[in-house]
Amino acid sequence: MDDYREDRIALPESWHSVTEVVVRRTSVYYHLGFPRPLRDLDGRYHRDERGRVALEAFLGLPFEAMFDRLETYRRSLIGGNVEDDPARYRDAFRELVSFVETFGPFGFDWGRTHQVLNLEADRLAKENWQLSLAAAGIDATGAPPSVGTPIWRLVFPELGQPFLGQVDQVMTYPELAWDERVRLGDPRIPHDDVGMREAGPLAFVRRDLLATVRIADAVARRDRFDLRDLIRTFPRARVFDVRDYPTRSALALDWRTANLGMSPVDGMFRPFEVHEAQVDWVALGRGIVVEQISLQLLRTSIGVGLAGVVPALAWRIGSLVEVIYLQLYEHIRQHPDFGIGACDFCGAPILRVRRQQRWHSGCAPAGRQRESRAARKARSAVEPDA
Ligand SMILES: [Zn+2]
């Protein structure tokens, strides 16, 4: 482990904490607290009461049950002349609320949304307003009146989406109280739109992460058959560039290691169009996991700040999803053969730190108790006198 001395590398610094969470429909609004270091003083990632890191706890969220509760509540609203009740939405997403209270907000699209100036559009709006009033014989000065403060923002597309970034105008209410701004859906209040069961940031992040974790586990087990099935359904084009060019970066992936057959004429390796024995499925799976982690970290950045008067280099995290992928990176680097299991008690994944690890540290006492109860019951069933 000598090459993993933390004092030699720029560690990712911190992620936000939350002091208050309000759920309105499928939007989760946060009152942010102080940013918190990702790790404790022993270098261990922050954990929940079951001893689970964010990746484990996230995939352990009862996704279907939460959306079932949401749909039940929404159906109860149909036809009734009642206002939405944030308490009921919060109840539907209660495990998710507890998750963000423990690990911080998701920040799904925070890294791709930026406030920008659009002076020309502001000038034209003001001029138009003054001209239309002047036509009615009224001499107006200043900008058109507005209930809130209009601001412009630039939103970059999600990774892998073909759309262009766009600039739009949103209304913010900096002079109002936090609760009131949440009620009005003020976009300047930090929030996440989790979306619906089938589509939206939560569903997509979960789908991609599950697919990546499954491949990482199959790589650890060297299971070619599982890998072949998992790679077939992984959300990525099944074409790999194996042209022979000089390596541009130490981080560039060399997909040629996955091709055991002839070099394809067009330089594109299509593992599902050649005989399966001509594919190194473990190498291909390992490359896909690493590529996915790298893509998820694209929006992080390195910066220099001041710690008191000392310049300090650190790595700015853009969302909790990045933290989760960092945890996967660390797992496959430190325990490449241990794989990812499922906890016998809570059912969430375990990034195994021992072979055959069956429970999260916080689940182990309850898991053992349940097991010995079951064993006693089995014994008493075969020994009627017991
Ligand atoms: Zn557990």
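**Strand pairing and a helix pair**

Biologist: How many bridges join S2 to strand S3 (residues 27–32)?
Modeller: In this predicted model, S2 and S3 run antiparallel to each other. Among the paired residues, Glu20 has His31 in S3 as its bridge partner, while Val23 has Val28 in S3. Counted over the whole pairing, the number of bridges that join S2 to S3 is 6.

Biologist: Which residue in the turn between S2 and S3 has a positive phi?
Modeller: The strands S2 and S3 form a hairpin, and 2 residues lie between them. In that turn, a positive phi of about 50° belongs to Arg25.

Biologist: In S8, which residue is the bridge partner of Val28?
Modeller: S3 and S8 run antiparallel, and 3 bridges join them. Val28 lies in S3, where it is the bridge partner of Val23. In S8, the bridge partner of Val28 is Asp192.

Biologist: Which strands are the edge strands of the open sheet?
Modeller: The sheet is formed by 3 strands in the order S2-S3-S8, with antiparallel pairing. Neighbouring strands are turned against each other by 15° on average, when direction is ignored. An edge strand here pairs on one side only, and this is the case for strand S2 (18–24) and strand S8 (191–193).

Biologist: Which helix packs on the sheet, touching S2 and S3?
Modeller: S2 and S3 are joined to each other by 6 bridges. The helix that touches both of these strands has a direction that makes about 155° with that of S2, and this helix is H4 (residues 94–103).

Biologist: Is H9 roughly parallel or roughly antiparallel to H10?
Modeller: The axes of helix H9 (residues 281–296) and helix H10 (residues 320–334) come within 9 Å, and they cross at roughly 150°. An angle over 145 degrees counts as roughly antiparallel, so H9 is, relative to H10, roughly antiparallel.

Biologist: How many nonpolar residues are in the contact of H9 with H10?
Modeller: H9 passes H10 in a left-handed crossing. From H9 the contact includes Val289, Ile293 and Gln296, and from H10 it includes Val321, Glu322, Tyr325, Leu328, Tyr329 and Ile332. By class, 1 of these residues is polar and 1 is charged, while the number of nonpolar residues is 7.

Biologist: Over which residues is the pLDDT below 50?
Modeller: The protein chain averages a pLDDT of 90, and 96% of the residues score at least 70. One stretch, which has 2 contacts in the model beyond near neighbours in sequence, has a pLDDT below 50, and this is residues 1–6.

Note on methods. Residues are numbered from 1 along each chain as its sequence is written. This is a predicted model: local features need pLDDT of at least 70, side-chain atom pairs count only at pLDDT 80 or more; totals for chains, interfaces and linings use all residues. pLDDT is the predictor's confidence in each residue, from 0 to 100. Two residues are in contact if their C-beta atoms, placed from the backbone, lie within 7 Å. Axes are lines fitted to C-alpha atoms, for helices over the stretch in contact, and angles run from 0 to 180 degrees between N-to-C directions. Helices (H or I, at least four residues) and strands (E, at least two) are DSSP runs, numbered from the N terminus. Angles under 35 degrees count as roughly parallel, over 145 as roughly antiparallel, 65 to 115 as roughly perpendicular and the rest as oblique. A crossing is left-handed if the near helix is turned anticlockwise from the far one by less than a right angle, and right-handed if clockwise. Ala, Val, Leu, Ile, Met, Phe, Trp, Tyr, Cys and Pro count as nonpolar, Asp, Glu, Lys and Arg as charged, and the others, Gly among them, as polar. Two strands pair if DSSP finds at least two bridges between them.
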